[in-house]
Amino acid sequence: MTQSSSRLLLQVLQGKGTAPFNRPPIWMMRQAGRYLKEYREVRAEAGDFLTLCYTPEYAAEVTLQPIRRYNFDGSIIFADILVIPHAMGQKLWFVKGEGPKLEALENPAAIKELDKDIHEKLSPIYESLKKVRAGLPDETTLIGFCGAPWTVACYMLNGQGSKSWAEVRHHAYSDPRGLRAMLDVLVEKSADYLCHQIEAGADVVKVFDSWAGSVPPHLQDLLVIEPMVNITRKVKAQHPDVPVILFPRGVGHETLMKLAKTEGFDCLALDEQTDLQWAVENIAPHKAIQGNMDNAVLLTTPEVVRAEVTRILNIAGHLPNFIVNLGHGVLPPTPVENVAAFVETVQNWDTQKEKSA
Ligand code: CP3
């Protein structure tokens, strides 16, 4: 049996502090990816991105690569937020250099025509989780994930990535309840998917609302907060001890504050626009906080990286509930030595030393 009591990231998310490690845990969004040459090799061998996601041998290998290189405290399973619409029967493909493409739904109600049983198609991902757990050091926390309903609906309705999502936001204004009904279908599927990931070995789960910031402020309760929190409640009903991290990217301080005071989940992941000192004072008393170094810092030099991580640690490194991460995913041109500087600065931090200094 594995010793979950020795997992720094998990214990911090459970409110148990950092002792005996005496430093914050660290992992990176998109830590398995194109900045690693060993990823690019497996990616080339797999050919298609979805083949990589759905072949447990490949997916487990690329999940483990960044752990071998950097010994991150968290390992996030390699998959994509768009596997849910795909498993529901929507056509999905990836074009190199362009990202995801879906055959767009005509309107939010069209989700009812999809609504297939998702687990047969997603079972390779549960298999990958089992393989990863078997290959991970005991002390590494395994993270499962899904997309938040709003962000997944953006892709389902638009068919591809867009900066503004105007063609999706018009549904938010013309028929907010109709759009919400679509999100409610995704709440059910996503919660079910996360529960299966937990049963396959995930210690923690995270919900990515990467495009939450494009929801008009007066609709954020309806389209961002409630759907994400409803997923959480469904997961916790089955797995009360499994921590949940929410990532409402781009929403601003008002919505973060509302979320901080909402029961039922454990951690808020912060984007790089969130002032960390503000979050330490306002969010950390209610929830663990994760983030939020700008991913552009990793494009500079090891010296600049060390200085920036030290600035962040001086603000939040003393907390019992702070997790070091980026504000968004690591960028493909990132030099590997900059990631090493990032990780080592955190791994060498000692909260006891800071106290006595
Ligand atoms: O964090 C990890 O290491 C786990 C893997 C992971 C991927 N996608 C792999 C991936 C995770 C957590 C995601 C989530 C995801 N997928 C999000 C939410 C998080 C975020 O970054 O905002 C979103 C919006 C997607 C949808 C998606 N998938 C886009 C927009 C793209 C293209 C972007 C790009 O970098 O090309 C993808 C493809 C994708 N998903 C890649 C990876 C490593 C790149 C594919 C490749 O290797 O060609």
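**Start at the ligand**

Select the ligand first: you'll find it sitting in the largest pocket. Keep in mind that this is a predicted model.

Next, bring up the shell around the ligand, which has 22 residues; the ones that come nearest are Arg-30, Arg-34, Tyr-39, Asp-80 and Ser-210. Colour that shell by class and you get 14 nonpolar, 4 polar and 4 charged residues.

**Zoom in on the ligand's oxygens**

Show side chains and pick Arg-34: an N or O atom of its side chain is 2.3 Å from an oxygen atom of the ligand. Move on to Tyr-39, where a polar side-chain atom lies 2.5 Å from a ligand oxygen. Then click His-328, with a polar side-chain atom 2.7 Å from an oxygen atom of the ligand. Taken on its own, the ligand has 860 Å² of accessible area, and the protein covers 88% of that.

**Switch to cartoon**

Which elements each supply at least two residues of the ligand's shell? Highlight helix H2 (37–46) and strand S3 (99–102), and you have them.

H2 gives the most, with 4 residues.

Last stop: colour the pocket's lining by class, and it divides into 23 nonpolar, 12 polar and 11 charged residues.

Conventions:
Residues numbered from 1 in each chain as written. Predicted model: local features only at pLDDT ≥ 70, side-chain atom pairs only at ≥ 80, totals over all residues. Heavy atoms only, no water. Near = heavy atom within 4 Å. Polar contact = N/O pair within 3.5 Å; in protein donor to acceptor, adjacent residues only side chain to side chain. Areas by Shrake-Rupley, 256 points an atom, 1.4 Å probe, with all protein chains shown as cover. 1 Å grid on protein atoms, 1.4 Å probe; cavity = no way out; pocket = protein on both sides within 12 Å on 5 of 7 lines; lining within 4 Å. Sits in = over half its atoms within 2 Å of the grid points. Nonpolar A, V, L, I, M, F, W, Y, C, P; charged D, E, K, R; others polar.
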